[in-house]
Structures are given as C-alpha cells and as structure tokens.
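Below is a short briefing on one protein model. It covers fold elements, surface and charged side-chain contacts.

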Amino acid sequence: MSSTKRQQTMAKRERERAVEEKRTLKRLKKQAAKAEKAAGGPMADGPMADGPMADGPMADESTSAEPTEAEPNVE
C-alpha cells in the first residue's frame, strides 16, 4: 500500500458535482409534486399526471438553474 494520499482529479470533482446536482433536482421535483398533490393540483388527479403537463414546470426549472449566455440579437 502507498503511504501517500493521491490528489483528487478535477474530472472526479466534476462528476461528483454533477451527481449532487442531479440528486438535488430530483429531490426538488419530488417535493414540488408532493406539495402540488397535497394542494389538490393537477398532479392529484391521477391520469393527468401522465399527460404532457407532468413535466411542464419542472422542465423549466432545470434550465433556469444553469446560467445562460445572452442570445445575440439577429436582425
């Protein structure tokens, strides 16, 4: 065995950060669904949860969490 510790690579840190972000987003999505169901929203109706509205608001949250570059004005 080696007596020295190996330094963690940047790639490993990035992978771990990506996994943590994915877990956080999943947890937030579950909490939002639970809150909406408790409030009697569309998620509580059952069959509507499988429709196109099931991932409507949550799809926007994943993109808003990341900083975006300003789009150039094309005129």
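Is E14 buried, exposed or partly exposed? E14 counts as partly exposed, because its relative accessibility is 40%, where buried means under 20% relative accessible area, exposed over 50% and partly exposed in between, with a 1.4 Å probe and protein chains only. The model is predicted, so local features need pLDDT of at least 70 and side-chain atom pairs count only at pLDDT 80 or more, while totals for chains, interfaces and linings use all residues. Residues are numbered from 1 along each chain as its sequence is written, and side-chain values use heavy atoms, with hydrogens and water left out.

**Secondary structure**

- The protein has two helices and zero strands; both kinds of element are DSSP runs numbered from the N terminus, helices being H or I with at least four residues and strands E with at least two.
- Helix 1 has 29 residues and spans 42 Å from first to last C-alpha, close to the 42 Å expected at 1.5 Å a residue; the expected span is 1.5 Å times one less than the number of residues.

**Surface**

- Of the protein's 75 residues, 3% count as buried.

**Salt bridges**

- The structure holds two salt bridges, each defined as a side-chain nitrogen of Lys or Arg within 4 Å of a carboxyl oxygen of Asp or Glu.
- R17 pairs with E14, with 2.7 Å between the closest N and O atoms; the two are three residues apart in helix 1 (residues 10-38), about one helical turn.
- R17 also forms a salt bridge with E21, at 2.5 Å from N to O; E21 and R17 are four residues apart in helix 1, again about one helical turn.
- Shared partners join E14, R17 and E21 into one network of salt bridges.
- An α-helix has 3.6 residues a turn, so residues three or four places apart point the same way.
- R17 is partly exposed at 40% relative accessibility, and E21 is partly exposed at 39%.
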